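This report covers a sheet, the helices beside it and some backbone features. The structure is shown first.

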Amino acid sequence: HARRRAAAAGGARAGRSAIALDLVAAGLEQERFANAARAAVTEMAVRLGCERVSLGLTRRRITRVVAISHTAQFGRRMNLIRQLGDAMDEALDQSAAILFPPTPDEPLATRAHAALAEAHGAGHILTIPLLVRDRHVGALLLERPAGAPFDQATVDLADAAGALLAPALLDKRANDRWLAVVAWDALSAQAMRLLGPG
């Protein structure tokens, strides 16, 4: 019985890993960062049964939405974009995945998630911080309608997909930058090594 349970758990993990790799592959087929990010979140929305999946990347401690599923262009000043960024920052500030609506014993703050749900009618929200080399680089925010809560398997799958997707997308974004920006970043890094601590 114990071996059967262990085999079933291993099979579930392998299945999650395969789906996560499929989600990442959908994004990495694209050459440019913006297209790759949009393709990845759209595939994630379709495969995980979400109304909308958004990706935000953090720069100077502020998370900016860079891709929304099924959306080629979106206005930077839209109220939705600001509220998505606030919800992502809320998860990043607490260094934890946030499920909304929260369970009664949930200790995490969810004010920005509540505002997003109220303004745009999301029944259930899952926000997962993205880590690369032990540093927060952004967040994935998934939305589902009322009556379709996120189960633990979906949370684990979204977390695995985010862990694989984040470093790949950051590499694509770095490769898309202008040569002057790349040179400035390299010069800044060398200056910090030369003049920084130690």
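## Helix 4

Exposed means over 50% relative accessible area, buried under 20%, and partly exposed in between, with a 1.4 Å probe and protein chains only. Helices (H or I, at least four residues) and strands (E, at least two) are DSSP runs, numbered from the N terminus. The model is predicted: local features need pLDDT of at least 70, side-chain atom pairs count only at pLDDT 80 or more, and totals for chains, interfaces and linings use all residues. Residues are numbered from 1 along each chain as its sequence is written, and side-chain values use heavy atoms, with hydrogens and water left out.

The buried residues of helix 4 are Ala112, His113, Leu116 and Ala117. Seen down the helix axis, they fall within an arc of 135 degrees, so they line one face of helix 4; the arc is that of the directions from the helix axis to the C-beta atoms. An α-helix has 3.6 residues a turn, so residues three or four places apart point the same way. The cover over the buried residues of helix 4 includes helix 3, strand 3, strand 4 and strand 5. After helix 4 comes Gly121, with a positive phi near 75 degrees.

Five strands make up an open sheet in the order 2-1-5-4-3, with antiparallel pairing. Strand 2 (62-68) and strand 3 (98-100) are the edges; each has a single partner strand, so one side of each is left without a neighbour in the sheet. On average, neighbouring strands of this sheet are turned by 20 degrees against each other, direction ignored. Two strands pair if DSSP finds at least two bridges between them.

Strand 4 is joined to strand 5 by nine bridges, and Leu131 has His136 as its bridge partner in strand 5. Six bridges pair strand 1 with strand 5; here the partner of Ser54 is Leu141. Strand 3 and strand 4 share three bridges, with Leu99 partnered by Leu126. Eight of the 10 residues of strand 5 are buried, so this strand is largely enclosed by the rest of the structure.

Helix 2 (residues 33-48) lies across strand 1 (52-59), strand 2 and strand 5 (135-144), at about 140 degrees to strand 1. Axes are lines fitted to C-alpha atoms, for helices over the stretch in contact, and angles run from 0 to 180 degrees between N-to-C directions.

## His124 and its contacts

His124 is part of strand 4 (residues 124-132). Its relative accessibility is 16%, so His124 counts as buried. Beyond its neighbours within four places in sequence, His124 is in contact (heavy atoms within 4.5 Å) with residues including Phe100, Pro101, Leu142 and Phe150.

The peptide bond from Phe100 to Pro101 is cis, with omega near 0 degrees. Pro101 belongs to the loop between strand 3 and helix 4 (111-120).

## Positive phi values

Most residues other than glycine have a negative phi, and most peptide bonds are trans. His70, in the loop between strand 2 and helix 3 (79-93), has a positive phi near 60 degrees. At 52% relative accessibility, His70 counts as exposed.

The hairpin of strand 4 and strand 5 has two residues between the strands, and Arg133 in this hairpin takes a positive phi near 50 degrees. Asp134 lies in the loop between strand 4 and strand 5, with a positive phi near 60 degrees. Asp134 counts as exposed, at 78% relative accessibility.
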